[in-house]
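User: Could you take a close look at how the parts of this model meet one another? I would like one connected walk through the contacts.

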Protein chains: 2
Amino acid sequence: MKNRNVLYAQSGGVTSVINATAAGVLEAGRKSKRIGKIFAAKNGILGALNEEIIDTSFESDKEISRLKHTPGGVFGSCRYKLQDPSSNQREYKRLLDVFVAHNIGYFFYNGGGDSQDTVNKIANFTKDMGFPIQCIGIPKTVDNDIPFTDNCPGFGSVAKYIAISTKEAGLDVASMAETSTKVFILEVMGRHAGWIAAAAGLAQEKEGDPPHLILFPEIAFNKKKMISKVRATVKKHGYCVLVVSEGARDSKGKFLADTGTKDAFGHKQLGGVAPQIALIINSSLGYKYHWAVSDYLQRSARHIASQTDLEQAYSVGKSAIDFVLKGENAVMPIIKRKKTKKYSWEIDKVALSKVANKEKKMPRSYITKDGFGITESCKKYLRPLIQGEAYPPYRNGMPVTANLKNKLLKKKLKGFKLPKK
Amino acid sequence: MKNRNVLYAQSGGVTSVINATAAGVLEAGRKSKRIGKIFAAKNGILGALNEEIIDTSFESDKEISRLKHTPGGVFGSCRYKLQDPSSNQREYKRLLDVFVAHNIGYFFYNGGGDSQDTVNKIANFTKDMGFPIQCIGIPKTVDNDIPFTDNCPGFGSVAKYIAISTKEAGLDVASMAETSTKVFILEVMGRHAGWIAAAAGLAQEKEGDPPHLILFPEIAFNKKKMISKVRATVKKHGYCVLVVSEGARDSKGKFLADTGTKDAFGHKQLGGVAPQIALIINSSLGYKYHWAVSDYLQRSARHIASQTDLEQAYSVGKSAIDFVLKGENAVMPIIKRKKTKKYSWEIDKVALSKVANKEKKMPRSYITKDGFGITESCKKYLRPLIQGEAYPPYRNGMPVTANLKNKLLKKKLKGFKLPKK
């Protein structure tokens, strides 16, 4: 039998190091004599369904290497959930046709918890159909919410960016507070889990340093307590820095960003929890404020990626190749923290059936008693993940990124109509 | 006569390299045998009025050197405008008392256009009073809006940060556009001049690269034209990145951020021009969008400062010392671009009377005909300013910053009551 090919797909929100994972897959795959070509689905699973498949063998080793310092998802990603195979197998049958048509023996799906569920379903379906394929889920998410893995590739870099930005903006606010802004609010990602918000706590190198308050999705918002702490902080330090998770919510689970108010055009007011918090503080205490919403900047800030994160992102990609060469199927590589004094880690694995569709939130023991900060044990967990500065090369003052050809394979199948959703 | 002392003060919004200017003053001043002590006013001119004066001789050379990689204003800054001396001289007389009490022979004021006006008035007043003092204005502003100087220290670093962030976020959006966000809007600083917004244009390394639209304060907002260009861009490239100056305004000069709408609490809706633009695009075209407001993050992002900017910021500080040693008074050091093929610069000077209270906006020739981009001549002007990556040292994954004692001098005068404003 001819060497079978890999199909690699990126899924969901991208990160500043997901392309490093792609580089891990591609570089390890190119070295193996038992692996055929490495294909990448254009725009994630959509490309697999539409038979839009990139043949990466046209890319030079040099450009592949540049993926290690290119943010975003270089083959395109998507937010697309397959139907449940227990009710409708049409999409799974299509994937099978595509796998057969292009001699796919290895399917790698690089995404978060939802994606691990998808790849698990594909593994089960192809097994039931008797089609020999090895399916590997590869973890990726800035939210750090995948269980079993000690941490998730993509998170360490956003954590580093947010910790640094909090420290830097904190120094700015501190120097202006006497006559100007007294309260600064930084909104960060994390709709369900507060890991990114928690990472801002690493900016606090000594007592009194920002951030003075962190608002987690895991802790119900308490306006009175927040106001009281902001007032006390401004009294003591002259200013106050808050870091707010986009997922901050009240005791009934309602997002603070969802105000229900309408603008002049009658449209629902746009999200942004930072301006809401600013408003609450200003109307209660009258302090002058500024707010920032870093949005995509945080998850694409490859210019200050964590070296640890980069290495782990690369490793989970490389491991997917290692795993299939060892005959593994329906597993996901995980980062395992070793029990050494100095931080060290190794790659382990978990069955996809275990990891699918589960979310890892912040444990209560990582949040201080008052609900506004992180504990020493949380810092101990987080700190190793932001170690090292993985600077990209620069040309003309700007970071150099990969420039792929992304040449598509010739289609062999008829077109596929995506189900209406 | 005993060697006379320097009083250095930081004014207005801080930058990621204003402390490098302070380092330039301090390191050059320490080397001179003709300069006494170097004092710094706490919180800018307020500290001078309140006789809250920091004696920097308690700081080690090592900590002073660390100022080169510490964002914010390490002695504190303020937004405070002195009264007009033609109507009320009380504050000027107070400053004179403080200068006399602490043997100040050199006054350095590090700020933007307003501050150059202030130091000019102080120079005139002390001259009229016959008090021998040399007053030097030192340029600083992220907005790049001071005339006579080719560019302004502080700007190159925010320009670099915005150009990089635009490129990075652009790669993120491009990879998700098929099923998710199609329009991304980044709001940047610059209330009156569009220099920072223009710098985003450096991300455009080849045809079709983001940013696809820039909204400048200098060009009246035209909704119809914007919508039409956004639609065409999404059609052609699948996504669209806009960079919007906070000062974007309509043909009547009304800021777009000033919507006049009220929220559920009856408060005026908070600014943020990015969400306004998002709303306009979404209601006209229905595209899914994301927006970011980088706010203080952009002007404190010392982690990716421009090496050129850092060197220039240091130089204008050092030049203040050089100037007074040469007997100069009522001048400001400027950056002069040399007529060399490869970019090079030198320090020159301009009279404060010329520079005070003037604003340098983007020339029309730097903006493309359609009003949404920058021209080649603009890129040629901007590009040298973002060259080089001036990385700070890191410890434990976080940038190292200076930790000054900021020890205050013993007061010699009675208290001063600030005028009510």
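**Domains, chain contact and core**

Analyst: Happy to! Chain A is assigned two domains: domain 1 covers 4–140 + 306–358 + 391–399, and domain 2 covers 155–300. Please keep in mind that this is a predicted model. Between the C-alpha centres of domain 1 of chain A and domain 2 of chain A there are 35 Å. Where these two domains touch, 10 residues of domain 1 of chain A meet 6 residues of domain 2 of chain A. On the domain 1 side of that contact, the classes are 3 nonpolar, 6 polar and 1 charged residues.

Now to the meeting of the two chains. Chain B brings 68 residues to the contact, and chain A brings 68 residues as well. On the chain B side, at least two residues each come from α6 (155–176), α9 (273–285), β9 (289–293), α10 (296–300) and β13 (398–399). Of these, α6(B) gives the largest share, with 13 residues. Sorted by class, the side of chain B that touches chain A holds 31 nonpolar, 24 polar and 13 charged residues.

The largest nonpolar core counts 271 residues, and A:Ile185 and B:Ile185 are the ones with the most contacts inside it. Around B:Ile185, leaving aside residues up to four places away in sequence, the contacts are B:Leu242, B:Val244, B:Ala274, B:Ile277, B:Ala278, B:Tyr289 and B:Trp291. Among these partners, B:Ala274, B:Ile277 and B:Ala278 fall within the range of α9 (273–285) of chain B, while B:Tyr289 and B:Trp291 fall within that of β9 (289–293).

Notes
Residues numbered from 1 in each chain as written. Chains lettered and ligands numbered in written order. Predicted model: local features only at pLDDT ≥ 70, side-chain atom pairs only at ≥ 80, totals over all residues. Domains from an automatic or database assignment. Contact = placed C-beta atoms within 7 Å. Nonpolar A, V, L, I, M, F, W, Y, C, P; charged D, E, K, R; others polar. Helix = DSSP H or I, 4+ residues; strand = E, 2+ residues; numbered from the N terminus. Core = buried A, V, L, I, M, F, W, Y, C linked by C-beta atoms within 7 Å. Buried ≥ 20, exposed ≤ 12 C-beta atoms within 10 Å, placed from the backbone.
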